Amino acid sequence: MLFHVNTTVSRDYLIAALWDRPPPSAVANLQQYVAQLRKALPEQARLLTRGSGYVVEAGTEEVDLLVFDHEVRLARLAVSGSEAEVAVERFERALALWRGQPAEGAELRGDLLAHVAELEERRTEARLDFAETKLGLKRSQEVIGDLRGLLAEQPLRERAWYLLMLALARAGQRDKALEAYRRARDVLVDELGIEPGQNLRQLQAAILADDGPVRSVVPSASPGMSGKGICLLPPDIADFVGRRAELSAAMEALRSGRTAVSLCVISGQGGVGKTTLAVHAAHRLREDFPDGQLYVNLRGGNGHPADPEEVLGRFLRALGVGSAAIPVGLDQRAELYRSVLADGRYLVVLDDAADEGQLEALLPGTPGCAVLIVSRHRLTALPAARMIEVSVMPADEAAHLLHRIIGPERAAQAPGDADVLVRLCAGLPLAVRIAGAKLAARPHWSLEQLVTRLIDTRSRLGQLTHGSQAVRASLAVGYQGLTASARRLFRLLGLLEAPDFAAWAATALLDAAHTEAEDVIEELVDVHLLEVVGRDPAGQARFRFHDLTRVYARECAEADEPEDGGLVAVRRTLSAWLTLTRQAHEGLRGGDYRLPDGRSPLWSPGYQLADRHVLPDPLAWVEAERAGILAAVRQSAALGSVELCWELAAAAMPLFETRSFHDEWRASHETALGSTRAAGDIRGQAVMLNGLARLHLAHDDYSRCGEALESAIELFDQAGDRHGHALALVNMAECHRIQGRYDDALACYEEASDGLAQAADRGTQTTVLRGIGRIHFYEGRLDPAGVFIRQAMRLADETGDVRSREFTRIILGEIEFARGDPPAAEGCFSQAMAHLDALGFPRGTAYACSGLASIRLDRHDFAGAERLLQHALAIYDDVGETLGRARVLLSWAELRRRQRRFDEAIATLTEVEALCQAIAAPRRHGLALRLLGDVHRDAGDLPAALNAWQRSLAFLASAPEAREVAASIAQHSGGCRATR
């Protein structure tokens, strides 16, 4: 508080200064500390409460720091007034106040460390001004010792070397003055890789020439008063790696200022290497800006950014303006600053900028100068600035950085652990540097030891600290600078398990208006605590955390968020996922397709989200949210929200099925099944088993499908759920139908119809009608098949189920083709394919595509048929549907038969036979054997043909194709005996 005497210090600032991770009782502790401090201070001390902060009021004479500043200011005024003796007295009094370091013995962090560094800088400038003043009074011998002590502490100070050389030369120690130049050059070359500035070189030349001006030189000739060749840049990073594109872009932007000042802004999250990149670029550009390179840390990431007026004062002093000549007031200093830089080539590096307002006065005014700005914020209001956003490092660059720090030999000893270490650092250069520094400081550690420490996310940030570097502290700077609502959203988002999310999740978490939530989430994006992934297929912007930022967000939630408040917000958001998933299902399948539901509350983010992003394209929405839905199912299970868990999995199932998202389908249902079993939720178990049975059906695993359905039906009966019982029966009927057990299938369809009618589930009734129609078709009863299929299409159309209607239209196309009406069949296939492709139903698209291929084959358009079959086969391979692949391969074999490429046809049918045998698909197996017989016959091998035909009869049973096979056997049996 004494560092900020007579200024209100906020409570948040004091808490950040006291704790890296504030405890829940931080505010109460702080109030107690202030009370204790008031008791310890003398009565006349004034420690006052102001708003949400505190202030120490004191006069100039009561605080050493105020006395120091006052005396230094008067000393510099005396110098400008040619009162050098008075100035010396003032400087002596000011510097005598320093006893050791500021706040020596106190544990400082964050902004206070930067403040101490600034105070040290002010002291150093005063010491140099003091030495310069005494040189003007020809008291050279007195100066030498103090300057040597200063250079022992700060060997990179060119102005100090200049004054030491001048003092030695004027004291008659010419050889020592030249030795001082050699030492200065060695230090600058070794540490910074640069040669001494122009003023040092000129002074060396004058000493070598034993020039008179050396003895009569005045302080205005020193580097501190000329500004030419000045370099305030921090040291470059010796192990800088990667960032080639960003480095090239920054250098190109800064070199382009022929007609105006070049501006370049480097932005990114904390710890991503923004400052490292900027400093490296600035050093590489030194020759392009020979008049000087200025640098300042504006401390924009915390609550006390640097004052532009104070920064201009430092810049002007460094540029050679005497302290007494520096005016008071921001505008006056900015005018003088631009005047000094006019017509020169200077590079100004403004690190950690808070906002555009902080920068306005610090920008030069003339071409030839360039400004490189570093900020956590996107400073898009700067005119004509080149924006460069720095993201995390690619894995190979991060690995290279680690190898540079710990040595390639050590990394090569455990390459697997090195890769894991890089992955745990998630590409954040600061984290990689800290991990590497820890290993470098502990050569006895194996990489595996550090990996083991970092694997636990709860302690990861605690492990990623070394010396003054800490990932948590870097992230805390951005967090502490947020508004209260943004800090809360940051914490709550950290509690969500979703890998990425749209803005509606913030609406649910905050229980706020959507526009308000959007503004808050954008605040997190602006300081790079969230990153924008891009726009998802539903047109929503998507956001995500960097891995380490998520860990920090959860830490903040655990420390600052009331447990009940966090749980309520998360459950509300999970409920919103259920609401939106149900709306997507309704948009896809219509309102008459009943979903199993429970008692979970439904919360909607509102703002017409469904109208804008869900209903226009439900499958695009589910593609965008598939990972989020799965994460929501898992988090619901972890929180014990069992009904929400299984209801969300059930609502997502038809959407996952349509897009063939089988991994999410399986994972969501298995998670929910485990949750319902643990909770003893009988109905939930039944719903999940029924959903898994349908997944087994999609994977042609009829045995597991039947087992799951038997268990589901038994549990539905225990729960008294007739609708659920009917849904399971429909799936059982589908399983029987695919396996050729048509009587069993019809019985299940018939039994299910009553339960569906009672539940008013017209959507599933469409499935029943379509299934009965297919059975009639497979058994050769084309007229009743057409009746049922058309009924199914009408019902699907009435309920708004486009997917079901068009899928049913494909079967109508097969019936028309079997009737001998290829044009009608082609119309059905083409229309269905167009609708299903637009809908995003890949299995339906492939089915229609194979139907169109059969039309092309019938017309002897072999090239067209082949293209369509290749497309269908690619889709089935992509979604992993074996039965569909078998169907396409049958058509493929027929194509090769007609092309008289018999060997290829036989090889294809051999594959089909193996597939059908593996998945127990008897009708398709029988059709494959029938076609195999036809191929052998056309190839002239009647014995092989008869063998294949006879084998096919065992699978085709009462199918109409069986009569055709029997006729072929009868027709060719005589020829086969004659051949024998």
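Trainee: With which residue's side chain does the side chain of Glu 71 make a polar contact?

Mentor: This is a predicted model, in which local features need pLDDT of at least 70, side-chain atom pairs count only at pLDDT 80 or more, and totals for chains, interfaces and linings use all residues. At 3.0 Å, the partner of Glu 71 is the side chain of Arg 90.

Trainee: Is Glu 71 buried or exposed?

Mentor: Glu 71 sits in helix 3, residues 64-80, a helix being a DSSP run (H or I) of at least four residues, numbered from the N terminus. Buried means under 20% relative accessible area, exposed over 50%, and partly exposed in between, with a 1.4 Å probe and protein chains only. Because its relative accessibility is 3%, Glu 71 counts as buried.

Trainee: How many salt bridges does a search of the whole structure find?

Mentor: Side chains of opposite charge can pair when their charged atoms come close. A salt bridge is a side-chain nitrogen of Lys or Arg within 4 Å of a carboxyl oxygen of Asp or Glu. A search of the whole structure gives a total of 56.

Trainee: How many residues apart are Arg 582 and Glu 647?

Mentor: These two form a salt bridge, with the closest N and O atoms 3.4 Å apart. The pair links distant parts of the chain, since Arg 582 is in helix 28 and Glu 647 is in helix 31 (residues 642-658). Arg 582 is buried at 17% relative accessible area, and Glu 647 is buried at 2%.

Trainee: What is the phi of Arg 900?

Mentor: Most residues other than glycine have a negative phi. Arg 900, which is exposed at 55% relative accessible area, lies in the loop between helix 43 (882-898) and helix 44 (902-919). Although Arg 900 is not a glycine, its phi is positive, at about 60 degrees.

Methods
Residues numbered from 1 in each chain as written. Heavy atoms only, no water. Helix = DSSP H or I, 4+ residues; strand = E, 2+ residues; numbered from the N terminus. Polar contact = N/O pair within 3.5 Å; in protein donor to acceptor, adjacent residues only side chain to side chain.
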